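Welcome! Take a look at the sequence and the model, and then read on.

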Amino acid sequence: MLSPRRREEAYRALSLARALDERMWRLARAGRAHFAVPCSGHEAVGAGYALAMQAGVDWLSPHYRDLAALLVLGMAPRDVMLCFFSRPADPNARGRQPYAHFGSRKLHILSQQGPQPNHCSHGVGCAWGSKLLRDGSVSVIAFGDGGAQKGEVHESMNVAAIHRLPCVFVVHRNGWTQSVKREDQYATETLVARAAGYGMPGISVDGTDVEAMYAAADEAIGRARNGDGPSLIDARCVRFMPNTSNDDDTRYRDRTELDALRASADPLARARALVDADFAARVDAENEAAAADAAEWAEAQPLGDPATVLDHAYA
């Protein structure tokens with residue numbers, strides 16, 4: 001269970017992620033930025049496992065809906081918006097990647113990849129390095145339903161299990177790969193059973209419950225840090241929005257069903273029930289203001305100089 005202070009920390013992260021997410025969506029729809037990747041509905045997965053990590057020690061290879069995790073680990077709202085507007089001051093990629101391609105040496109966040117889920121093998125490589133260095137760090141590696149079906153994930157999990165690497169795999173299982181529903185991706189109800197095939201523990205958790213997610217991650221990270229190898233966390237969640245701002249999910253999702261899920265499985269609403277109502281209202285207002293400030297400030301920053309286009313790309 002989270003302590004009262006940690007519950008408040010969790011709520012701050014979920015609330016801020018939602019405020020930033022909704023503002024980025026509106027800005028993208030208004031044509032003021034070119035690409036948004038919504039995290040609404042996924043916030044408790046990232047916040048839950050990040051609260052169980054040792055910031056500055058452990059490493060994260062994130063899913064592209066892991067904004068809440070980045071906020072817990074120390075990324076600032078203005079940094080998020082610099083990434084969103086692709087400004088050269090962006091600490092993630094110097095404005096050279098679309099939004100949600102995160103990365104931070106300072107925060108121990110491995111660079112996100114365009115092709116999914118290539119970052120999973122990078123996370124396993126990081127965990128292997130940690131084992132060789134004996135530095136006590138754990139790597140958390142997050143991906144989605146679609147990534148879970150690709151060879152990169154299977155190979156990564158197999159190598160991690162063989163070598164008992166200090167890592168935790170987290171699948172954001174929202175039941176969709178863009179417009180492809182679960183039944184057309186895999187034949188099982190969940191993905192947790194796959195862990196047994198690699199010889200690692202598997203934990204199935206309600207990823208809309210930040211406390212449950214924290215408990216599962218704390219257990220798995222503890223195992224990894226103690227030298228007992230990797231685990232798989234199967235985190236059930238709901239993608240409230242289209243896959244990206246390039247997607248129209250009204251063409252393939254039932255709105256009545258989605259509205260029901262919004263009412264019953266909203267991680268922000270569930271986290272709000274864990275804290276004082278006045279505290280939650282104050283935090284929501286603060287985060288709305290922070291998101292507005294970050295967006296206005298970042299949009300006003302200078303665009304990149306075309307003369308620097310090859311910087312950071314070639315030796």
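A crossing of two helices is called left-handed if the near helix is turned anticlockwise from the far one by less than a right angle, and right-handed if it is turned clockwise. Please keep in mind that this is a predicted model.

## Two helix pairs

Let us start with helix α5, residues 119-133, and helix α7, residues 151-162. Their axes lie 8 Å apart, and the two helices pack at an angle of about 15 degrees. Angles under 35 degrees count as roughly parallel, so α5 is roughly parallel to α7. In passing α7, helix α5 makes a left-handed crossing.

The other pair is made up of helix α1, residues 4-29, and α12, which spans residues 277-299. Here the axes come within 9 Å and cross at roughly 40 degrees. The two helices are therefore oblique to each other. The crossing of α1 past α12 is right-handed.

## Backbone features in the loops

Most residues other than glycine have a negative phi, and most peptide bonds are trans.

Which residues does a cis peptide bond join? The partners are glutamine 116 and proline 117, with omega at about 0 degrees. You can find proline 117 in the loop between α4 (77-84) and α5.

Beyond α5, look at arginine 134, which sits in the loop between α5 and β2 (139-144). Although arginine 134 is not a glycine, its phi is positive, at about 55 degrees. Is arginine 134 buried or exposed? Residues with over 50% relative accessible area count as exposed, and arginine 134 has 77%, so it is exposed. Arginine 164 also has a positive phi, near 50 degrees, and is a residue other than glycine. Its place is the loop between α7 and β3 (167-173). With a relative accessibility of 44%, arginine 164 counts as partly exposed.

Our last stop is a nonpolar surface patch of about 390 Å². Which residues make this patch? They are Val309, Leu310 and Tyr314.

Tyrosine 314 belongs to the segment after α12, the helix that crosses α1 at roughly 40 degrees. Patches are made of residues with over 30% relative accessible area. Tyrosine 314 has a relative accessible area of 67%, so it is exposed.

How values were computed:
Residues numbered from 1 in each chain as written. Predicted model: local features only at pLDDT ≥ 70, side-chain atom pairs only at ≥ 80, totals over all residues. Heavy atoms only, no water. Patch = residues over 30% accessible without salt bridge, like charges linked within 9 Å, V, L, I, M, F, W, Y side chains within 5 Å. Areas by Shrake-Rupley, 256 points an atom, 1.4 Å probe, with all protein chains shown as cover. Salt bridge = Lys/Arg side-chain N within 4 Å of Asp/Glu carboxyl O. Helix = DSSP H or I, 4+ residues; strand = E, 2+ residues; numbered from the N terminus. Buried < 20%, exposed > 50% of the residue type's maximum accessible area, 1.4 Å probe, protein only. Axes fitted to C-alpha atoms, helices over the stretch in contact; angles between N-to-C directions. Parallel < 35°, antiparallel > 145°, perpendicular 65-115°, else oblique.
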